[in-house]
Structure formats: structure tokens, C-alpha cells
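Have the viewer open and follow along.

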Amino acid sequence: MNRILKILTLIFLMSLTTVQTYAQSASDAYNKGVALMNKGDYQGAIASFKASMAINKSAANVKKCNAQITKCNRLSKKKATTTEAPKKAPQKTLTVSTNKIVFEATAEETKAIKIVTQPESNDWIANVASEHESWCKLAKSMDGKELQITCLPSNSTLSRFTGITVIYDQETQFIQLVQNGKKPQLKALVTNVKLNKRRGGTKQVAISCNSDTLYADNKNWQLYKYPDWVEVYVTSGNELTVKAEKMAKEDPDFKNGRSGDIILKSQDQECTIHVDLK
């Protein structure tokens, strides 16, 4: 009898230990779920609450765990809707106040072009072709808001050109630069040629020109227009020959004679020599 009583007592004690361990494991899983939920790990918390229900299937534990799972789902959705999308870096832009700038040839001159960057920065650079650096100088203003361009004087009657590139990050702007040539001088030492209508004759006229443009026979000026009753041709050197034949008395123009203009040109300059056959 005593032996049977001892056995029953041992079985009872063992069952109490199992229930206590069982309940403790379910409680540990529940508490872990609460801790994870408080840290914002909602999926980990839900897994722990489900583990607690699997260990302890009592109605009270299931109800308690389901309530926490519902809370986790609600908080998880709220977090997803309130999480801000990563902000994009602002797009960088570059603007210049003009894409063409013109200088005159006669004196050293500095002009400024406004540079606008977004976001505002002086972290931009400007370049000019290396072969033009001898006469075109670039500098950045102290505040970084202007590009200062200096052109040295030119002794040529021809315009010269270059391009300036402004770079800011991936943005580029191109500025065309023109320096006009100095005004060419075209002169005739004699501007009025008089020939005798009865005898005709020939006159030589010296021409002075400083143009850098070359025409036929490597002359820096050209014969543009002249009357059809004279011969005009260029001799060696800068000299023009004007020749007219004598007029016959029967010629309708004999009484009044003839007058006309010889026109020379170089670039955009003209020189007029008036001719009288009288």
C-alpha cells in the first residue's frame, strides 16, 4: 500500500513540473514577443506570439496572443505608410547670362558674365582653348558669381574667335567669343584723275592698305568697279594704272567729255577715285 502511494505521489509531482515548465515556456515566448514589438520588430513579435499559442493552447493565452498579433499588424501598417521615401539629391543646374560676347580690337577690355548655379555654389570651372590663352584671359570673381573675361588688343584687321566652356558638375554651357578686327585703312594717294579727251592718256595711282585679307595676286585690296571707257589694271606693287583712249570728235560725248568713278574694296572698306576725260 505504501509502495503504491509513493508511486502516485511521484507521478503527481512529475505532472506538476511538466505543467510548470510548459506554462513557463509559453510565457517566455509571449514576453519575447512583447519585447520585440516594443523594438519595432513586428514580424519577429508575431512569430513569438504564435509560438506561445502553440505551446499553451488555452483560450486565455490564445486570446491574449491574438490581441498582440492584431496590434503588431496595425503598427506595422502604420510604420509602412509613415516611412518617408529617401530624399533625392537636388538636381544641379547651370545658367550663364549670355552665350555670346563681343570685344573690340583697339584696347584691352574686361567683361563679366553672370554664372548662376543651383544649388548655389562657386564650384564651377571655365576653360578656353589653349591656343587662344595668349589673348583671352579668364578669371572667377571673388564671390564665384561672375566669369571675368579679358581680351588683349589685336593688331589684325580680321576678327578672331574662340569658345569658352563653363562646367558645373555634369552641366555645361558654351560661350562664343568674338573679337572684331581693327578697321582696315584703304586710301589712294590721288582721288581725282584728269585725262585729256583729245589725247587720252595714262595715270598711275599709288594705293595704301593695311588689310590682312588677301585677294588676287596677293594684294590686300581689289578693283571692284570702274567705267567701261577706261582701262584699269593693277601693276607691280600697290599701284593702279588708269588708261583712256582719246575721244573722236564724232563721239556724242565729245562735247561734254566723260566722268566716272573707280571703286576699290578691302573687306568692308571702299575707296573711290574719280576720273574725268575732258
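What follows covers salt bridges, then a sheet, then a single threonine.

This is a predicted model, where local features need pLDDT of at least 70, side-chain atom pairs count only at pLDDT 80 or more, and totals for chains, interfaces and linings use all residues. Residues are numbered from 1 along each chain as its sequence is written, and side-chain values use heavy atoms, with hydrogens and water left out.

**Salt bridges**

How many salt bridges does a search of the whole structure find? There are 4, a salt bridge being a side-chain nitrogen of Lys or Arg within 4 Å of a carboxyl oxygen of Asp or Glu. Among them are these:

| Salt bridge | N to O distance |
|---|---|
| Glu120 and Lys145 | 3.7 Å |
| Arg258 and Asp251 | 2.7 Å |
| Arg258 and Asp253 | 3.3 Å |

Take Glu120 and Lys145, whose side chains meet in a salt bridge. This pair ties together distant parts of the chain, 25 residues apart: Glu120 sits in the loop between strand E3 (109–118) and strand E4 (125–128), and Lys145 in the loop between strand E5 (136–140) and strand E6 (146–151). (Strands, E, are DSSP runs of at least two residues, numbered from the N terminus.) Glu120 is exposed at 65% relative accessible area, while Lys145 is partly exposed at 43%. For those labels, buried means under 20% relative accessible area, exposed over 50%, and partly exposed in between, using a 1.4 Å probe and protein chains only.

Over at Arg258, shared partners join Asp251, Asp253 and Arg258 into one network of salt bridges. Asp253 is partly exposed, with 35% relative accessibility.

**The sheet**

An open, antiparallel sheet is built from 4 strands in the order E9-E11-E14-E13; strands pair if DSSP finds at least two bridges between them. Strand E9 (186–188) and strand E13 (231–235) are the edges, each pairing on one side only. Neighbouring strands here are turned by 25° against each other on average, direction ignored; axes are lines fitted to C-alpha atoms, with angles running from 0 to 180 degrees between N-to-C directions. Inside the sheet, E11 (201–209) and E14 (239–244) run antiparallel and are joined by 6 bridges. Val205 has Leu240 in E14 as its bridge partner.

**Thr150**

Thr150 belongs to strand E6 and is buried, at 15% relative accessible area. Its side chain makes a polar contact with that of Thr110 at 2.7 Å (a pair of N or O atoms within 3.5 Å; within protein, one must be able to donate a hydrogen and the other to accept it, and residues adjacent in sequence count only if both atoms are side-chain atoms). Beyond its neighbours within four places in sequence, Thr150 is in contact (heavy atoms within 4.5 Å) with residues including Trp135, Cys136 and Lys137.
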